Amino acid sequence: MFPQNFTDKHLRERIFFPLRFQRRESQPSHREIAKQMSQTEPLQGVNCQTSINTTVQNVIRRLVEVFGEEMAQDGVNTAPLIQRQRGKKGAWEVVYQWLWEDKFPRWQLDWIWQGLVKQADSPADWIRFTPVNPGDRKLVVPVGKTREQPVIGVNIPSMMHIDLEGDAGHLLLLNRGSESQYVMCPSAAFAPQNRLTGETILVPQLGAMCEDMTFDSLGKEEFLGIVVNRWLEFPWLKPNQEEPAPIWDTERLYQLWVNLEAEENWRGFYQAFKVVEV
């Protein structure tokens, strides 16, 4: 956000940002923040109050420069934030709200997801898709030559094959697409049973609400399989028809991550697919 080789102006902005935008119930005034800035070692004795309004505006303008497009997608009108109008207040409150309610949850979700992916293995063909005729669960297309990035045909009913024959325990399978993220196993929609039995798992399972699965958007679909010896008793992981395919959000992924950090013997498996026209 702010250059490492900073000028005095950038130094003030770097120190101001965390003082203004850290999360707390009672927010200090800009005058109070200016006093705190003057007490920091780099600005010891400097009168920051005379330039505090300029510092505020520069920081907000910088945030809009970097995140303006993302903020607009979230419905934030960025124009008033950078137009200095006398008597107008509240620009920093708008930015504060966006940072904590929109930007940070997305960043945190992506940070945890990428951390779990880095700890996962990617054995060939542990998960694959084969097209099926509607109502014909027995049709299995032979596996072709492994591609660098496997593909799924868009708008083609398919079955998922999960081959973790060498593993025992309970399977948690998370799916992350460009627009959504679902728990596929266990779920009432696709896989109510998540116990590994030493055999290839066919999803959707018999007894699931869906008979097949279809990806209707081009793009990238990621799958993260997590195998644990002791099952995670989270309410959102109990298959039910009220939430057939549970959506995992930042709060749920964080809850999972905290528990896995305390679990020594979990194993992870990752694979990304490209959804393409066939």
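Hi everyone, let's start at Asn 194, which sits in the loop between strand S5 (181–185) and strand S6 (195–196). Keep in mind that this is a predicted model.

Is Asn 194 buried or exposed? Its relative accessibility is 11%, and buried means under 20%, so Asn 194 counts as buried. Which residues is Asn 194 in contact with, leaving aside its neighbours within four places in sequence? They are Gly 169, His 170, Leu 171, Cys 185, Pro 186 and Trp 231.

One name in that list leads us on to the cysteines. Cys 185, a contact of Asn 194, is itself buried, with a relative accessible area of 3%. Cys 48 counts as buried too, at 1% relative accessibility. As a reminder, a disulfide is a covalent bond between the sulfur atoms of two cysteines.

Now please find strand S9, residues 267–276. Eight of its 10 residues are buried, so S9 is largely enclosed by the rest of the structure.

Which way do the partners of S9 run? Strand S2 (residues 151–153) runs parallel to S9, and three bridges join the two. If you want a place to look, Gly 153 stands opposite Val 276 in S9. Strand S8 (residues 219–228), on the other hand, pairs with S9 in the antiparallel sense, over nine bridges. There you can look for Lys 220, whose bridge partner in S9 is Lys 274.

Definitions and conventions. Residues are numbered from 1 along each chain as its sequence is written. This is a predicted model: local features need pLDDT of at least 70, side-chain atom pairs count only at pLDDT 80 or more; totals for chains, interfaces and linings use all residues. Side-chain values use heavy atoms; hydrogens and water are left out. Buried means under 20% relative accessible area, exposed over 50%, partly exposed in between (1.4 Å probe, protein chains only). Helices (H or I, at least four residues) and strands (E, at least two) are DSSP runs, numbered from the N terminus. Two strands pair if DSSP finds at least two bridges between them. Contact means heavy atoms within 4.5 Å.
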